[in-house]
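Thank you all for coming. I would like to walk you slowly through one protein today, so please have a look at the sequence and the model before I go on.

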Amino acid sequence: MPDPRPIQRKLTTILAADAANYSGRMNQDEEGTVRALRAARNVIDTAISDANGRIANTSGDGLIAEFPSVVDAVRCAIRIQTTLNQSDKMLPFRLGVHLDDVIIEGPDLLGDGVNLAARLQEMAEIGGVLISQQVFDHVRSKITNAELRPLGPATPKHLTEVGLYAVVADGVNAPRLPDNLGPKVDPVPDTQSIEPVATAATVEMRAKFKKSRWRIGGSIVALALADIIFGLAPGITLVPTLVLIWVLYRKWKKLRDAEAAQV
């Protein structure tokens, strides 16, 4: 028999947190991993409580929390990562923050908004924070101790497109290049090798190059179609096509030189 209770909803700020490579660590050292998880959860739970948040959904190594204030949620995320990243005795976490209308089911939160926050968490850097466009729109002028770095739009699986922003602050790990964003399964960190992290300028250059690539590619296709449809004389569209290819090559070379310089 269908449940007659009405579906309750509310607008809230959702923080998704999940331990990085929890299963791999458990496979190597169960007791040590549990102790590190407990230490991390103590930091996370305290920060959420101090920011007037509430832990809604939990799993073995992750949780969903909600906050009445978008600003407090982002500040809480910064505090969590700043503290966790200071010690190797606590499990590292990824965090995602999103603002959306969600379904209330007892103590739990459900719906696309929760799923999107979880996807942001999956795409975040270990020790980092990703926020959605909706969150950015509310905190852009209110978070003064961090850079909100645009990473462009993304379409998480089974969800709608969303703008991504990385929270970059002292103690919060910066994102790698946008192409590297995505769900990851990370090995236990190798202290013998450290990968270079992209600078803010390089990240911005790559984002601009992607936009230029689509625009120039579209222009080349349009010229080819015009040549076919209108039967233009040979060579009329050749020169502008070659110019567009040359412009794209110069932008690509500039990006590659910038990336090589930071290695």
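How much accessible surface does the protein have, and what share of it belongs to carbon and sulfur atoms? The accessible surface comes to about 15,000 Å², and 56% of it belongs to carbon and sulfur atoms, where accessible areas come from the Shrake-Rupley method with a 1.4 Å probe and, for residues, only the protein chains shown count as cover.

Before the details, please keep in mind that this is a predicted model, in which local features need pLDDT of at least 70 and side-chain atom pairs count only at pLDDT 80 or more, while totals for chains, interfaces and linings use all residues. Residues are numbered from 1 along each chain as its sequence is written, and side-chain values use heavy atoms, with hydrogens and water left out.

Let me begin with the overall picture. The protein has 7 helices and 8 strands, these being DSSP runs numbered from the N terminus, with helices (H or I) of at least four residues and strands (E) of at least two. Of its 263 residues, 40% are buried, and here buried means under 20% relative accessible area, exposed means over 50%, and partly exposed lies in between, again with a 1.4 Å probe and protein chains only. If we take the contacts between residues at least 6 apart in sequence, 72% of them join residues at least 24 apart, a contact being heavy atoms within 4.5 Å.

Now to the charges. The structure holds 7 salt bridges, each defined as a side-chain nitrogen of Lys or Arg within 4 Å of a carboxyl oxygen of Asp or Glu. One of them pairs D50 with R79, whose closest N and O atoms are 3.0 Å apart. Because D50 belongs to helix α2 (residues 30-50) and R79 to helix α3 (residues 70-84), this pair ties together parts that are 29 residues apart in sequence. D50 is partly exposed at 48% relative accessibility, and R79 is partly exposed as well, at 38%.

Another salt bridge joins the side chains of E122 and R119, at 3.7 Å from N to O. These two residues sit 3 apart in helix α4 (residues 112-123), so about one helical turn separates them. E122 is partly exposed, with a relative accessible area of 26%, and for R119 the value is 26%.

Helix α4 also contains N115, which is partly exposed at 38% relative accessibility. The C-alpha atoms of N115 and H98, which are 17 residues apart along the chain, are separated by 9.7 Å.

Which residue forms a salt bridge with E147? The partner is R149, with the closest N and O atoms 3.2 Å apart; E147 is partly exposed at 34%, whereas R149 is buried at 7%. Elsewhere, salt bridges that share partners join K10, R54 and E66 into one network.

Finally, the surface carries a patch of positive charge where K211, R215, K251 and K254 gather. The elements giving two or more residues to this patch are α6 (200-230) and α7 (238-262). Patches are made of residues with over 30% relative accessible area and no salt bridge, with like charges joined within 9 Å. K251, for one, lies in helix α7 and counts as partly exposed, because its relative accessibility is 36%.

Note on methods:
Patches are made of residues with over 30% relative accessible area and no salt bridge: like charges are joined within 9 Å, nonpolar side chains (Val, Leu, Ile, Met, Phe, Trp, Tyr) within 5 Å. Lys and Arg count as positive and Asp and Glu as negative; His and the chain ends are not counted. The place of a charge is taken as NZ of Lys, CZ of Arg, CG of Asp or CD of Glu.
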